Amino acid sequence: MTSGIVTAVSSNGEYSFTKPNRDSITLLAGFGVEGDVHAGVTVKHRSRVAQDPTQPNLRQVHLIHEELFAEVGAEGFNVVPGDLGENITTRGIDLLGLPVGTLLRIGDGAVLEVTGLRNPCLQIDNFQDGLLKQVVGRDEAGNIVRKSGIMSIVKEGGVVRPGDTIAAELPSGPHRPLERV
């Protein structure tokens, strides 16, 4: 499905695994979520800064599908919006199935460009033991499947609120599946 809605928005000005929900967040073009610790033109994720602090930040905005919470809930885990550090929680759109370069038009004018998959880390198990196995698995062919959301950059800024619509505009050319960024 190529449309959905925003069910929650979250941001945090400090490094912490979870992010508190907000009434709205402001996306800044080429930068990320205003006031969020991961906003910036260059990488902000600590492990990536250690590798090369001049890398472009392809992880300005993290989106996760609310349907994942029900999936892990069926396995006994309690996860709610913001718990996994995402900025935008969605419903009704197949985020993981979108190709690289998809534009997500949100609300009155914000536009995100999908850059890739979030690569979940051990912090997820520190949050709830065993949760990492629920959000990273393998398909029938043995390929790794990452389910903990997608990353994007801000092409056009704007305010995003719960209830805003999301419309995906697929890129022209061949479908390039998402890889971890």
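**Reading the labels**

Q: Why is Asp 36 called buried?
A: Asp 36 has a relative accessible area of 6%, and buried means under 20% relative accessible area, with exposed over 50% and partly exposed in between (1.4 Å probe, protein chains only). So Asp 36 counts as buried. A note on where this comes from: the model is predicted, with local features needing pLDDT of at least 70 and side-chain atom pairs pLDDT 80 or more, while totals for chains, interfaces and linings use all residues. Residues are numbered from 1 along each chain as its sequence is written, and side-chain values use heavy atoms, leaving out hydrogens and water.

Q: What makes Lys 19 and Asp 36 a salt bridge?
A: Their side chains meet at 2.8 Å, N to O, and a salt bridge is a side-chain nitrogen of Lys or Arg within 4 Å of a carboxyl oxygen of Asp or Glu; the pair therefore qualifies. Lys 19 sits in the loop between strand 1 and strand 2, and Asp 36, 17 residues apart from it, in the loop between strand 4 (32-33) and helix 1. Helices (H or I, at least four residues) and strands (E, at least two) are DSSP runs, numbered from the N terminus. Lys 19 is buried as well, with a relative accessible area of 5%.

Q: How do you know that Glu 71 and Lys 147 form a salt bridge?
A: Their closest N and O atoms are 2.7 Å apart, so the pair meets the cut-off. Glu 71 lies in helix 2 (residues 67-73) and Lys 147 in the loop between strand 10 (144-146) and strand 11 (150-156), so the bridge ties together parts 76 residues apart in sequence. Glu 71 is partly exposed, at 38% relative accessibility.

Q: Why is the pair of Phe 17 and Phe 127 called tilted?
A: The ring centres are 5.6 Å apart and the planes stand at 40°. Rings of Phe, Tyr and Trp (its six-membered ring) pair if their centres lie within 6.5 Å, and planes under 30 degrees apart count as stacked, over 60 as edge-to-face and the rest as tilted. So this pair is tilted, and the structure holds one aromatic pair.

Q: Why does Phe 17 count as buried, and Phe 127 as partly exposed?
A: Phe 17 has a relative accessible area of 15%, so it falls in the buried class. Phe 127 has 27%, so it is partly exposed.
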